[in-house]
Amino acid sequence: MRSARQYALNLGAEHGWTVHLHHGVHRALGLLLKDLPDGQRVSHSHLRERLASTHLPMRHTAEILAALDLLVEDRQDTSRLWADRRADDLPDGFRADVRGWLLWLLDGDARTQPRALGTLHSYFSSVRPIVEQWATSRAHLREVTREDVVSAVDGLRGSQYTGALTALRSLFATPRSTGASSPTPCEASESDAAHRAQ
């Protein structure tokens, strides 16, 4: 606790903490470390539980503990939880493929940068009604044909058409290692895409 409080003093001096903030971090470290056995660390969930009703500075206290390797990160990734919940809403035969696609977008790979959660929201909102329609006549994503895709986007115009086609291309480009279906020749032609986007 003495080491953590000294580190907090030094860090606060460097960053211009107020006396009030110094005092709050000092008290929070006392609450969390007073009875902590040697060699043990504080979980993030325990930190939140202990400090939630105290109005003590949670973020700054967590920063001190993390810098001293005294913090265990046990928070759930809300982005992954969102992807799981959205996939769970889909028909059985499509659930695993779409979940694999969403997680691939989140994580990226050697050739693809991770996408922002807002991009996933946009892609999924475009793909979901199409997938639900396919599920009435197809058991799995791998059964979907190019004609199914052309039919699914028929009638869409402008940004709706472009958004749906971009999301579907991404869905069918998902690597096999994610568990999603392998790519299929299902894209509308570039000339058709340009015409629909106008």
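The model is predicted.

## How helix 2 meets helix 3

Two packed helices are described by the angle between their axes and the distance between the axes. Take helix 2 (residues 19-33) and helix 3 (residues 44-51). Their angle is about 120°, and their axes are 10 Å apart. The crossing of helix 2 and helix 3 is right-handed.

Which residues make the contact between helix 2 and helix 3? Helix 2 brings A28, L31 and L32. Helix 3 brings H46, L47, R50 and L51. Sorted by class, the contact of helix 2 with helix 3 has 5 nonpolar residues, 1 polar and 1 charged.

## Salt bridges

Side chains of opposite charge can pair when their charged atoms come close. The structure holds 8 salt bridges.

One of them joins R95 and D92, with N and O 2.7 Å apart. Both residues lie in helix 6. They are 3 residues apart, about one turn of the helix. Is D92 buried or exposed? D92 counts as exposed because its relative accessible area is 62%, and the cut-off is over 50%. R95 is partly exposed, at 25%.

A salt bridge also links R128 with E132. Their closest N and O atoms are 3.0 Å apart. R128 and E132 are 4 residues apart in helix 7, so about one helical turn separates them. R128 is partly exposed at 28% relative accessibility. E132 is partly exposed too, with a relative accessible area of 33%.

D89 and R86 form a salt bridge as well, at 3.7 Å from N to O. D89 has 39% relative accessibility and so counts as partly exposed. R86, at 22%, also counts as partly exposed.

## A linked network

Some charged residues join up in a network. Which residues are linked in a network of salt bridges? They are D84, D88 and R99.

Definitions and conventions
Residues numbered from 1 in each chain as written. Predicted model: local features only at pLDDT ≥ 70, side-chain atom pairs only at ≥ 80, totals over all residues. Heavy atoms only, no water. Axes fitted to C-alpha atoms, helices over the stretch in contact; angles between N-to-C directions. Helix = DSSP H or I, 4+ residues; strand = E, 2+ residues; numbered from the N terminus. Left-handed = near helix turned anticlockwise from the far one by under 90°. Contact = heavy atoms within 4.5 Å. Nonpolar A, V, L, I, M, F, W, Y, C, P; charged D, E, K, R; others polar. Salt bridge = Lys/Arg side-chain N within 4 Å of Asp/Glu carboxyl O. Buried < 20%, exposed > 50% of the residue type's maximum accessible area, 1.4 Å probe, protein only.
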